[in-house]
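Here is a briefing for a reader meeting this structure for the first time. Please look over the sequence and the model before reading on.

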Amino acid sequence: MLLWFTPQQDFWLPPWAVSAACVVVGLALIVRRRHPVGLAVFAVSFGTVTGGGAIGFLIMLYSLAAYAMSRRTVVSIAVAGYVLSVVFPAPAATNDGIGVRAIYAVAFVAVPVLLGLYMGARKQLVVSLQERAARLERERHLLAERARGEERTRIAREMHDVVANRISVMVVHAGALRAIAARDPGRAAETATVIGDMGRQALDELRHVIGVLRQGEEILPEENATLEHVRELVGQSGAAGLRVDLAVLGEERPMPPAVGRTVYRLVQEALTNVHKHAGAADTRVGLVLQAEAVEIEVVNAVPTAVPAHALPSGGNGLVGMRERVTALGGGFEAGPLDGGWAVRARLPLPAP
């Protein structure tokens, strides 16, 4: 620790007292970071009385500016130290004019204070940048978790559409095949062909969904669903024994891929629910093609008999349909209607 003590220099106190004062100031520097304001006040007052510890006084001024929280306190103590150094100079500087003492005091006080302010601002900047980086990292982690959750939900929805819907219709076809295998071999062969085609379609869709799960595998292109696919879907349900009619109103034109897939999935899920819960109830599928939106309606009449097959229901079909429609900014409603069940949705179309 460098302390200001020169045997030839004149002080207000004896040399041994000045040396002791320098030691006290030097020891006080140990806690300068914890108590910068109190030690600065102590250094100003103690140094003025004893005339010793000039180097320690410089260090305390630097610590005050670097570690004190209030800039007003820093300026106040620095101005007080400046005024005291000008008004009460050391004995060796009493012969200098007040202008010379003022210039010396500015260099003595301003340099450590300005350096301390710079280092303190730099430290605060580094801390703020570190906090910002940590906050951005937390936000990135939360966004990643949210994206993963949305992706899990999307994949679960796709798996439900592929497995539950396709397999449900295949089970219905298998039941019909068993019923007609003996008396109508030709129709039984056609039904077996339909089951095989639906199984291959289910495998293709499963391959697409599982493909996006494999790390590093390129996402397979998904075919855009059209009205022809909807007609094919309705035909498959009709072949399974469901009395279903399809009515399309409006000019048929290509739909955006997201809207086309949603229309297809809505009709698919609604018909699957009819197979599960209404059996062979009369069903009507209606599509209204407008310039600004597509309206879907699937309504089944009162079930005439309990379904012969016992297809399990996970209770997620309506939730998945609502999520698909809401994601596109549309409206969805489902509920009982005249003893049967109705599913209605409206999907907005982007402006041309």
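The points below go from the overall layout to single residues.

The model is predicted. The protein has nine helices and five strands. Of its 352 residues, 36% count as buried.

**Overall layout**

- Along the sequence, the elements follow the pattern α-α-α-α-α-α-α-β-α-β-β-α-β-β.
- The protein exposes about 20,200 Å². Carbon and sulfur atoms supply 62% of that area.
- Take the contacts between residues at least 6 apart in sequence: 69% of them join residues at least 24 apart.
- Eight salt bridges turn up in a search of the whole structure.

- Strand 2 covers residues 283–289. Five of its seven residues are buried, so this strand is largely enclosed by the rest of the structure. The cut-off for buried is under 20% relative accessible area.
- Strand 1, residues 244–249, pairs with strand 2 in the parallel sense. Six bridges make up this pairing.
- From strand 1 the chain passes through helix 8, residues 257–278, to reach strand 2. This β-α-β crossover is left-handed.
- Strand 3, residues 293–300, runs antiparallel to strand 2. Seven bridges join the two.
- A hairpin of three residues leads from strand 2 to strand 3.

- Glutamate 137 and arginine 140 meet through their side chains in a salt bridge, at 2.7 Å from N to O.
- Both residues lie in helix 5, which spans residues 98–180. They are three residues apart, about one turn of the helix.
- Glutamate 137 is partly exposed, with a relative accessible area of 42%.

- Arginine 231 and glutamate 252 form a salt bridge at 2.5 Å, N to O.
- Arginine 231 belongs to helix 7, residues 227–239, while glutamate 252 sits in the loop between strand 1 and helix 8; the pair therefore ties together parts that are 21 residues apart in sequence.
- Arginine 231 is partly exposed, at 29% relative accessibility. Glutamate 252 is partly exposed too, at 42%.

- The side chains of glutamate 297 and arginine 344 meet in a salt bridge, with 2.7 Å from N to O.
- Glutamate 297 is in strand 3 and arginine 344 is in strand 5, residues 340–348, so this pair ties together parts that are 47 residues apart in sequence.
- Arginine 344 counts as partly exposed, at 30% relative accessibility.
- Shared partners also link salt bridges into a network, which joins Glu228, Arg231 and Glu252.

- Asparagine 300 is in strand 3. Is it buried or exposed? At 8% relative accessibility, asparagine 300 counts as buried.
- Residues up to four places away in sequence aside, asparagine 300 touches Val274, Ala278, Ala281, Asp282, Thr283, Gly340 and Trp341.
- Asparagine 273 is in helix 8. Its relative accessibility is 18%, so asparagine 273 counts as buried.
- Which residues does asparagine 273 contact, leaving aside its neighbours within four places in sequence? They are Ala278, Leu318 and Met321.
- Ala278 is listed among the contacts of asparagine 300, and Ala278 is also in contact with asparagine 273.

**A nonpolar surface patch**

- Val75, Val79 and Val83 form a nonpolar patch on the surface. Together they have about 230 Å² of accessible area.
- Valine 83 lies in helix 4, residues 71–87.
- Valine 83 is partly exposed, with a relative accessible area of 40%.

Technical notes. Residues are numbered from 1 along each chain as its sequence is written. This is a predicted model: local features need pLDDT of at least 70, side-chain atom pairs count only at pLDDT 80 or more; totals for chains, interfaces and linings use all residues. Side-chain values use heavy atoms; hydrogens and water are left out. Buried means under 20% relative accessible area, exposed over 50%, partly exposed in between (1.4 Å probe, protein chains only). Helices (H or I, at least four residues) and strands (E, at least two) are DSSP runs, numbered from the N terminus. Two strands pair if DSSP finds at least two bridges between them. A crossover is right-handed if, with the strands pointing away from the viewer, the path from the first strand over the helix to the second runs clockwise. Patches are made of residues with over 30% relative accessible area and no salt bridge: like charges are joined within 9 Å, nonpolar side chains (Val, Leu, Ile, Met, Phe, Trp, Tyr) within 5 Å. Accessible areas come from the Shrake-Rupley method with a 1.4 Å probe; for residues, only the protein chains shown count as cover. A salt bridge is a side-chain nitrogen of Lys or Arg within 4 Å of a carboxyl oxygen of Asp or Glu. Contact means heavy atoms within 4.5 Å.
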